[in-house]
Amino acid sequence: MSNHLKYLLLPLMLLLPFFRLHAKVAVVRASDSLAASERSYAASLARHIARWYDASGVDVQLAPDSEMASALNGSRVAVLVCMMCPSQHQLSLLRSFVRGGGKLIVFYSSSPALASLMEVRPLRYMKCDSGT
């Protein structure tokens with residue numbers, strides 16, 4: 001590599017960590033629809049997921065389901081955490097989001113409505129055989 005090219009690339013390489021990907025991800029966790037003990041778990045899992053995206057340089061917004069509309073605004077991906085029983089309003093927001101090209105990732109939900117929206121079929125929980 002020529003010295004001229006090195007001098008041109010070096011400033012760009014130094015600035016790279018300061019640029020974030022513009023594919024915003026919304027991590028939305030269930031809150032009001034869950035028992036207090038489950039809310040704590042959902043919040044903890046959502047924080048972990050948000051940290052993973054953030055550490056990868058992805059612009060991420062963490063929000064409770066009561067703030068879903070604003071979290072989805074401008075996002076390309078929505079990660080739904082523990083959304084066991086989304087309300088009709090939330091499903092309407094998610095339908096619009098998907099119609100607009102948004103993608104869904106769902107953790108810990110067997111909601112038939114969410115499955116339909118994602119064009120998958122939920123299966124019952126299957127216990128893992130430990131091999132003994």
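Predicted model: local features only at pLDDT ≥ 70, side-chain atom pairs only at ≥ 80, totals over all residues.
Hi everyone, let me start with a definition: a salt bridge is a side-chain nitrogen of Lys or Arg within 4 Å of a carboxyl oxygen of Asp or Glu.

Residues are numbered from 1 along each chain as its sequence is written, and side-chain values use heavy atoms, with hydrogens and water left out.

So, where is Asp65? Asp65 sits in the loop between β2 (58–64) and α3 (68–72); helices (H or I, at least four residues) and strands (E, at least two) are DSSP runs, numbered from the N terminus.

Asp65 is buried, meaning under 20% relative accessible area with a 1.4 Å probe, protein chains only. Yet Asp65 has no salt bridge: Arg29, the nearest side chain of opposite charge, is 6.4 Å away. Here Lys and Arg count as positive and Asp and Glu as negative, with His and the chain ends not counted.

What does the side chain of Asp65 make a polar contact with? The partner is the side chain of Gln90, at 3.5 Å. A polar contact is a pair of N or O atoms within 3.5 Å; within protein, one must be able to donate a hydrogen and the other to accept it, and residues adjacent in sequence count only if both atoms are side-chain atoms.

Gln90 belongs to helix α4, and counts as buried because its relative accessibility is 10%. Beyond four places in sequence, Gln90 touches Asp65, Met68 and Met83, with contact meaning heavy atoms within 4.5 Å. Thanks, everyone!

Key
Buried < 20%, exposed > 50% of the residue type's maximum accessible area, 1.4 Å probe, protein only.
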